[in-house]
Amino acid sequence: VGAGAGHWAVVLLQHMGACRQLICLDNDPHWIQLLGGKRWPADVSCTSMLADAHEIPLPSNSVDVVTCQTLLMHCARPVNVLREMFRVARVGGQILIVEPVNLLNRFLVPHALRYLSPHERANLIQYISCMHAGKALMEMSDQDIAISLPDMLHEVGAENVTVFQNDKVSFVSQQEVAAIANEMEEDDFVSLARAGGASDETIALGNQSARKIVSESVASGGLEFASMNTYVFHAIKRSE
């Protein structure tokens with residue numbers, strides 16, 4: 001669901017030797033066209049479907065595994081999408097969901113901590129928190145949806161939910177550090193932060209902290225690394 005370019009499907013197929021039929025659903029014609037020309041393993045038949053995740057055009061109890069990766073965070077009514085995912089899953093089928101807590105991702109980078117005082121860190125967290133709140137208020141995305149997913153899964157009747165945390169860590173360049181800081185000064189970011197309650201002072205102080213990270217990182221010349229904090233939620237459809 002929300003297949004995009006099919007990256008998540010490619011990852012999962014490596015662990016699903018018995019998979020014979022893959023259905024990739026997305027509401028963007030661009031991705032559907034790209035998926036249609038994608039090379040899949042010879043023993044896998046792929047069907048691409050242009051459809052809205054809130055109304056999946058498949059029969060109930062028809063799919064063994066239903067999955068999405070960083071999709072629900074962009075959906076207007078994520079609980080409704082979850083209901084649809086559980087509806088089309090067979091009894092005994094598996095539901096696999098990957099979603100982030102992006103506020104944590106912003107700070108799972110040592111350079112965001114080692115170069116800042118406690119007050120400077122607080123300024124940065126406040127600014128980014130307001131931007132996330134602004135996105136949610138504008139119904140653009142829920143950047144921290146993984147926090148709410150256990151409640152949503154309970155609401156749609158999921159049982160025996162398990163959660164796993166990934167361990168992806170990579171080195172980043174000073175240019176990548178600077179790109180994150182530059183994003184925070186862009187008009188869209190600032191406007192969303194204001195919508196989420198940020199004052200001019202909050203914006204100025206947050207950007208000041210971001211710029212300090214960049215200057216100190218460049219001056220130190222050291223290696224920087226960062227984590228990508230996403231959560232994998234797994235559930236089994238046990239009853240109607």
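The structure is a predicted model, in which local features need pLDDT of at least 70, side-chain atom pairs count only at pLDDT 80 or more, and totals for chains, interfaces and linings use all residues. Residues are numbered from 1 along each chain as its sequence is written, and side-chain values use heavy atoms, with hydrogens and water left out. Helices (H or I, at least four residues) and strands (E, at least two) are DSSP runs, numbered from the N terminus.

**A pair of helices**

- Helix α8 (residues 174-185) packs with helix α10 (residues 200-220) at an angle of about 165°, and their axes are 9 Å apart. Axes are lines fitted to C-alpha atoms, for helices over the stretch in contact, and angles run from 0 to 180 degrees between N-to-C directions.
- The two helices, α8 and α10, are therefore roughly antiparallel to each other (an angle over 145 degrees).
- On the α8 side, residues including V177, A178 and A181 meet residues of α10, among them A210, I213 and V214; contact means heavy atoms within 4.5 Å.
- By class, eight nonpolar, five polar and two charged residues make up the contact of α8 with α10. Here Ala, Val, Leu, Ile, Met, Phe, Trp, Tyr, Cys and Pro count as nonpolar, Asp, Glu, Lys and Arg as charged, and the others, Gly among them, as polar.

**A buried serine**

- S209 sits in helix α10 and counts as buried, at 2% relative accessibility (buried is under 20% relative accessible area, exposed over 50%, partly exposed in between, with a 1.4 Å probe and protein chains only).
- Leaving aside residues up to four places away in sequence, S209 touches L116, E120, N123 and L124.

**The four-stranded sheet**

- An open sheet of four strands runs in the order β3-β4-β8-β5, with mixed pairing (two strands pair if DSSP finds at least two bridges between them).
- β3 (63-69) and β5 (159-165) stand at the edges with a single partner strand each, so one side of each is left without a neighbour in the sheet.
- β5 and strand β8 (residues 230-236) run antiparallel and are joined by five bridges; Q165 stands opposite Y231 in β8.
- Helix α3 (residues 78-88) packs on the sheet and touches β3, β4 (89-100) and β8.

**A partly exposed cysteine**

- C46 lies in strand β2 (residues 45-50) and counts as partly exposed, at 26% relative accessibility.
- C46 and I23 are 23 residues apart along the chain, with their C-alpha atoms separated by 5.7 Å.
- Not counting residues up to four places away in sequence, C46 touches L22, C24 and W40.

Notes:
Parallel < 35°, antiparallel > 145°, perpendicular 65-115°, else oblique.
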